[in-house]
Amino acid sequence: MTLDPQSLLTADSIRELSAQIAVDRALPWGKGRGPADTIWMGVIDGSGTAVSFIQSIYHEFGSAVILPDSGVIWQNRGSSFSLDPNATNPLQPGRLPFHTLNPALARLADGSVLVYGSMGGDGQPQTLAAVFDRIVYQKMTPQAAITAPRWLLGRTWGESSDTLKIESRHRAATTDTLKQYGHDVEIYPPYDDLMGHAGAILRHRNGMLEGGSDPRSDGGVARW
């Protein structure tokens, strides 16, 4: 980040940003969209200590409650609870809200360690399963496993359809076969944001590290 975060909270900065809002028309779709509200991060240090981590504020502005000393926005995962005591997920003391966050870490049989994860709502477990299978069983590099075409079955954040969503980079024969199997297939553009923003780091037994980031996002891989 090239800006001091605190500078974004000054009165002048807020006035400058608010002046860009047009009350009589919608901005072109895309220009008014900020970065996503969930990110995955993974790290493995020189000694092999590994962390797989997800940060999420849930809705676009979380709870809209900002801590005055830090400027951090509180998340609103509590909205997943119901105030109906007879509901499946009622609000009760000590309970945690149902959510889709599942940063993953695997210690493999050969002694290597894999940290991997993704944003993407209900699509997260599907993306993680694909990335794991490609790296562990198909012996793809983390980058190749993440870049390869993906799919998403059912609904996810911002989508209401329960279709099988497939990137157009899949072979036509694959798509045709799935349709023949009775799937309601929707074709999405290459590297579509809907398929999640995955990342992975693989530490081999000899200490060598391999990483991959998603071309569907603005993430990256770094070493130091």
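**Around Glu167**

Mentor: Glu167 touches Ala148, Pro149, Arg150, Tyr188, Pro189, Pro190, Tyr191, Asp192, Met195 and Arg216, leaving aside residues up to four places away in sequence. Contact here means heavy atoms within 4.5 Å. This is a predicted model, where local features need pLDDT of at least 70, side-chain atom pairs count only at pLDDT 80 or more, and totals for chains, interfaces and linings use all residues. Residues are numbered from 1 along each chain as its sequence is written, and side-chain values use heavy atoms, with hydrogens and water left out.

Glu167 sits in strand E6, residues 164-167. Strands are DSSP runs of E with at least two residues, numbered from the N terminus. Glu167 has a relative accessible area of 0%, so Glu167 counts as buried. Buried means under 20% relative accessible area, exposed over 50%, and partly exposed in between, with a 1.4 Å probe and protein chains only.

Now the polar contacts: pairs of N or O atoms within 3.5 Å; within protein, one must be able to donate a hydrogen and the other to accept it, and residues adjacent in sequence count only if both atoms are side-chain atoms. The Glu167 side chain reaches the backbone nitrogen of Tyr191 at 2.7 Å. That side chain also reaches the backbone nitrogen of Asp192, at 3.0 Å. Tyr191 and Asp192 are both among the residues that Glu167 touches.

For contrast, take Val51. Val51 lies in strand E2. Val51 counts as partly exposed because its relative accessibility is 39%.

How values were computed: Helix = DSSP H or I, 4+ residues; strand = E, 2+ residues; numbered from the N terminus.
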